[in-house]
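Subject: Structure handover and notes

Dear colleague,

Here is the structure I promised to pass on. Please have it open while you read the notes below.

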Amino acid sequence: MDKYDLRDKLVLKFISRNLSWGMLKHDVSDLTPFDGEDLDVEQIYIQELKKSDVKYRNPEIMLYMIVDFVGSTAYSSIIESDPLPVDQMRPYVLDAVQAIMKSQEVPENSAAE
């Protein structure tokens, strides 16, 4: 028997229909964590990218691609174990996310231009 029961799968289906790029970009900004400060995911993402030595062509597009890819892949793996159960799918997802990031890197010699 699958380690996820029907109730877990129904909750995941609900979440998958209601969590989207738009929610990540806009609605999550309205959340207030336990410390009382507003949570601005986009600003946190931009700040973390600024700390990196690696520069990216379009960080917002890169994040969109990663969120969309990981969300749909994880959903299929968890709900349907298709093409593999989520635990077996994880290394492939990580490789793909790294490839997305690598494809968006600005070469060092053009970053200074």
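Helices (H or I, at least four residues) and strands (E, at least two) are DSSP runs, numbered from the N terminus. This is a predicted model, so local features need pLDDT of at least 70 and side-chain atom pairs count only at pLDDT 80 or more, while totals for chains, interfaces and linings use all residues. Residues are numbered from 1 along each chain as its sequence is written, and side-chain values use heavy atoms, with hydrogens and water left out.

**Fold and confidence**

The protein chain has six helices and zero strands. Read from the N terminus, the order is α-α-α-α-α-α. Of its 113 residues, 18% count as buried. Buried means under 20% relative accessible area, exposed means over 50%, and partly exposed is in between (1.4 Å probe, protein chains only).

Confidence is given as pLDDT, the predictor's score for each residue, from 0 to 100. The chain mean is 76. Residues that reach 70 or more make up 61% of the chain. Helix α1 (residues 6–18) has the lowest confidence, with a mean of 58. Helix α5 has the highest, at 94. Where pLDDT is low, the predicted coordinates should not be read in detail.

**Helix α4**

Helix α4 covers residues 59–80.

The buried residues of α4 are Met62, Leu63, Ile66, Thr73, Tyr75, Ser77, Ile78 and Ile79. Thr73 counts as buried because its relative accessibility is 12%. The Thr73 side chain reaches the backbone oxygen of Phe69 at 2.8 Å. That is a polar contact (a pair of N or O atoms within 3.5 Å; within protein, one must be able to donate a hydrogen and the other to accept it, and residues adjacent in sequence count only if both atoms are side-chain atoms).

Tyr64 also sits in α4. At 36% relative accessibility, Tyr64 is partly exposed. Together with Ile61 and Met65, Tyr64 makes a nonpolar surface patch of about 250 Å². Patches are built from residues with over 30% relative accessible area and no salt bridge; like charges are joined within 9 Å, and nonpolar side chains (Val, Leu, Ile, Met, Phe, Trp, Tyr) within 5 Å. The areas come from the Shrake-Rupley method with a 1.4 Å probe, and for residues only the protein chains shown count as cover.

Just after α4, Ser81 takes a positive phi of about 50°.

**Salt bridges**

How many salt bridges are there? The count is three, with a salt bridge taken as a side-chain nitrogen of Lys or Arg within 4 Å of a carboxyl oxygen of Asp or Glu.

- Lys51 pairs with Glu48, the closest N and O atoms being 3.0 Å apart. Both lie in helix α3 (residues 41–51), three residues apart, about one turn of the helix. Lys51 is exposed at 63% relative accessibility. Glu48 is partly exposed at 44%.
- Arg90 pairs with Asp87, with the closest N and O atoms 3.5 Å apart. Both lie in helix α5 (residues 86–103), again three residues apart, about one turn. Arg90 is exposed at 51%. Asp87 is partly exposed at 44%.
- Glu105 meets Lys102 at 3.4 Å, N to O. Glu105 is partly exposed at 26%. Lys102 is exposed, with a relative accessible area of 56%.

An α-helix has 3.6 residues a turn, so residues three or four places apart point the same way.

**Contacts across the sequence**

Lys55 belongs to the loop between α3 and α4. Lys55 is partly exposed, at 38% relative accessibility.

Glu108 is in helix α6 (residues 108–111). With 75% relative accessibility, Glu108 counts as exposed. The C-alpha atom of Glu108 lies 8.0 Å from that of Val54. These two residues are 54 residues apart along the chain.

Best regards
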